[in-house]
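Trainee: I should like to request a close look at a single part of this structure. Please take me through it in one connected account.

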Amino acid sequence: MKLISHGKDIQNDIPTQVDNNIDTGTEQPSFPERLLVIIDSRALDRQCLAQSIVSHKADMRVLAFGSIEEWRRQRHLHPPLSSILLNVGGRKIVDPVVAEEIRKLASEFEPVPVIVLADTDELAQIMKALEYGAKGYIPSSVSIDVCIEAIDLAVAGGTFVPASSVFAMRRLLESGNAVARPLAGMFTARQAEVVEALRRGKANKIIAYELNLRESTVKVHIRNIMKKVKATNRTEVAYKINDLFPSDPATDGTNWSDH
């Protein structure tokens, strides 16, 4: 496990390396090395985060840079990327600079997953990050263990979103206000029940049990829902349905965060 930190803002910056492979005189087994690159303009934040991940994750190498340009200059010295963690801090995802940064990272390094770390768990911000190409969204309120699990999920091909976003969407559906009405014209009553269960993050078996359906029937409903909204996974279903809402919470001042 190794940690290397780079940054122009540190005078005479010397890369710091933490290596748990101690030379005992015997040949050590060779394992594929997974590489995580952290991009964060704040030196202390990126170094602390990198050190925390290193101390909790034995099979991951961590590099911390102040910008993607710094990483480009150094990338030839390191093994291929496994994932990129972009820490935007308190900046808004809808900020044009942030939005373009996510888009460029996702496009340039595809299929390497880009995961966004941010100080907010507002649903509108999460959905925008996924729209711009992020493969996960981690609010800074989570523990380091959850952060690492989210990175692992993205590397494995999944998409991590905080539970608070799912609960926020559930509350909108249950509130009975105008926001939920577009669903009635798009889905059957049973499909709408499955959509709500998906937003709660429930597994197929649980959905089948609660709705008194066969699990195979639940899978059929999910496939039909995905076709209707042209989605490829459950997370995208939530985003697509969000597009049907008559107002945009990113612009009308509505706070969708789960507090």
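Mentor: A residue is called buried when its relative accessible area is under 20%. In this predicted model, that term applies to both faces of strand β3: Met-60, Val-62 and Ala-64 are buried on one side, and Arg-61, Leu-63 and Phe-65 are buried on the other. In a regular strand, side chains alternate between the two faces of the sheet. Because six of the six residues of β3 are buried, the strand is largely enclosed by the rest of the structure. Strand β2 runs parallel to β3 and is joined to it by six bridges; Ile-38 stands opposite Ala-64 of β3.

The buried residues of α5 are Cys-147, Ile-148, Ala-150, Ile-151, Asp-152 and Ala-154. With 12 residues (144–155) at 1.5 Å a residue, α5 should span 16 Å, and the 17 Å between its end C-alpha atoms agrees with this. Just after the helix, Gly-157 adopts a positive phi of about 105°.

Leu-49, Ser-52, Ile-53 and His-56 of α1 make the contact with Ile-144, Asp-145, Ile-148 and Ile-151 of α5. The residues of this contact comprise five nonpolar, two polar and one charged.

Key. Residues are numbered from 1 along each chain as its sequence is written. This is a predicted model: local features need pLDDT of at least 70, side-chain atom pairs count only at pLDDT 80 or more; totals for chains, interfaces and linings use all residues. Side-chain values use heavy atoms; hydrogens and water are left out. Helices (H or I, at least four residues) and strands (E, at least two) are DSSP runs, numbered from the N terminus. The expected span of a helix is 1.5 Å times one less than its number of residues. Buried means under 20% relative accessible area, exposed over 50%, partly exposed in between (1.4 Å probe, protein chains only). Contact means heavy atoms within 4.5 Å. Ala, Val, Leu, Ile, Met, Phe, Trp, Tyr, Cys and Pro count as nonpolar, Asp, Glu, Lys and Arg as charged, and the others, Gly among them, as polar. Two strands pair if DSSP finds at least two bridges between them.
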